[in-house]
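The following note sets out points for a colleague who wishes to read the strand arrangement in this model. Please keep the structure open while going through the numbered points.

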Amino acid sequence: MDVIEYTPREQYAYTFGGVAPVLRVKPGTALRLWSDDAFGGVLRSPDDLSSAKVDLRFVNPQTGPFYVEGAEPGDTLVLHLAALEPARDWGASAAIPFFGGMTSTDRVVTLQEALPDTTWIYELDRDRDTVAFVARHSDHRIELPVAPMLGTVGVAPAGGEVRSSLVPDRFGGNMDTPQMRAGTTVFLGVNVEGALFSVGDGHYRQGEGEACGTAVEGAMTTTLIVDLVKGGAPGWPRLEDDAHWMTVGSSRPLEDSWRIGNAELVHWVAELYGLHTMDAYQLCSQLAEAPIANVVDANYSVVVKAAKALLPAADAFGGIHADLRTRALTLH
């Protein structure tokens, strides 16, 4: 199966919606996409500080958007992440003044000073498949396994809205979940003709919650397969891998994100197994897991998931995840 390669030439998108497509693709197309890191590659050493180098109006540069032929509002865009490969030998993380989960912010306002503007650089060891945490204020170095993921995967919102690439919502966007990794299939409701999807914000690894506001941010090469299911648009993003059914809710406060994700999983399990909603509610109450994706974005995101091993076999969207997993093996 052939792959179309695309590398942006400074024509990044910084919003979902409001941007003309860079390429038209047909369902069934495989793409290999290069994306820059969340900082646009400007944090290269511990001496590079976000206050001097980073303009928060232009973070999370998105590769795309891509126009999917035949996609109409109400359809389901399907993206199967076949491979995620670090595209640089280093990643950057930072404590940005008044940004993050454990500091005062412009929305959670206190009289405290900002935490110190600090940058950490993580060197990538490709042979060992690790990134190295090097402490700034003590003598410690810890090798951590590389776990590539995408922070942002989304489509143009409904109603002509234009949303920042820092925002997660119904359209996907900056969900920042480690579940967005190779082997995962993403289902997004199409809101506009062509869907206009974008991806970016590669992370070489990230803890659940992304507490300081940044992961190990790095340029990424993403290989994915684009497909389309006519109709059946989910109200919120759905994810499937070989082990789990997953839904993502994004809102504030955090418990509303959790509620959205739970409601979506209950409805999906009811559809998959022909259950009454109340029975699906009871079942999900006994088996669901709810990892926090992020507590730092404009909306917070929670993933709610059900292990397939605990449930009878079922196919979502006609079993397209298994089909795309097979097709991914033929990519070259």
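Which residue of strand 21 does Ser250 stand opposite? Ser250 stands opposite Ser301; the points below set this pair in its context.

1. Basis of the note. The model is predicted, so to speak of local features a pLDDT of at least 70 is needed, side-chain atom pairs count only at pLDDT 80 or more, and totals for chains, interfaces and linings use all residues. Residues are numbered from 1 along each chain as its sequence is written, and side-chain values use heavy atoms, with hydrogens and water left out.

2. Overall fold. The protein chain holds four helices and 21 strands; helices (H or I, at least four residues) and strands (E, at least two) are DSSP runs, numbered from the N terminus. The radius of gyration is 19 Å, close to the 20 Å that the globule rule gives for 332 residues, so the chain is as compact as a globular protein of that length. That radius is taken over C-alpha atoms, and the globule rule is 2.2 Å times the number of residues to the power 0.38. Along its principal axes, the C-alpha trace spans about 55 × 45 × 40 Å.

3. Buried residues make up 54% of the 332 residues; buried means under 20% relative accessible area, exposed over 50%, and partly exposed in between (1.4 Å probe, protein chains only). Of the contacts with a separation of 6 or more, 78% come from residues 24 or more positions apart, where contact means heavy atoms within 4.5 Å.

4. Strand 19. This strand covers residues 244-251, and eight of its eight residues are buried. His244, Met246, Val248 and Ser250 point one way, while Trp245, Thr247, Gly249 and Ser251 point the other way.

5. Pairing of strand 19 with strand 18. Strand 18 (residues 238-240) pairs with strand 19 in the antiparallel sense over three bridges; two strands pair if DSSP finds at least two bridges between them. A hairpin joins strand 18 to strand 19 through three residues. Leu239 has Met246 as its bridge partner in strand 19.

6. Pairing of strand 19 with strand 21. Strand 21 (residues 300-307) runs antiparallel to strand 19, and eight bridges join the two. Met246, the partner of Leu239, has Lys305 as its bridge partner in strand 21.

7. Eight of the eight residues of strand 21 are buried. Tyr300, Val302, Val304 and Ala306 point one way, and Ser301, Val303, Lys305 and Ala307 the other way. Strand 20 (residues 292-294) pairs with strand 21 in the antiparallel sense over two bridges, and five residues lie between these strands in their hairpin. Ser301, which stands opposite Ser250, also has Asn294 standing opposite.

8. Glu143. Where does Glu143 lie? Glu143 has its place in strand 10 (residues 141-145). Glu143 is partly exposed, with a relative accessible area of 26%. Leaving aside neighbours within four places in sequence, Glu143 is in contact with Arg128, Thr130, Val131 and Ala132. Val131 is 12 residues from Glu143 along the chain, and the C-alpha atoms of the two are separated by 5.7 Å.
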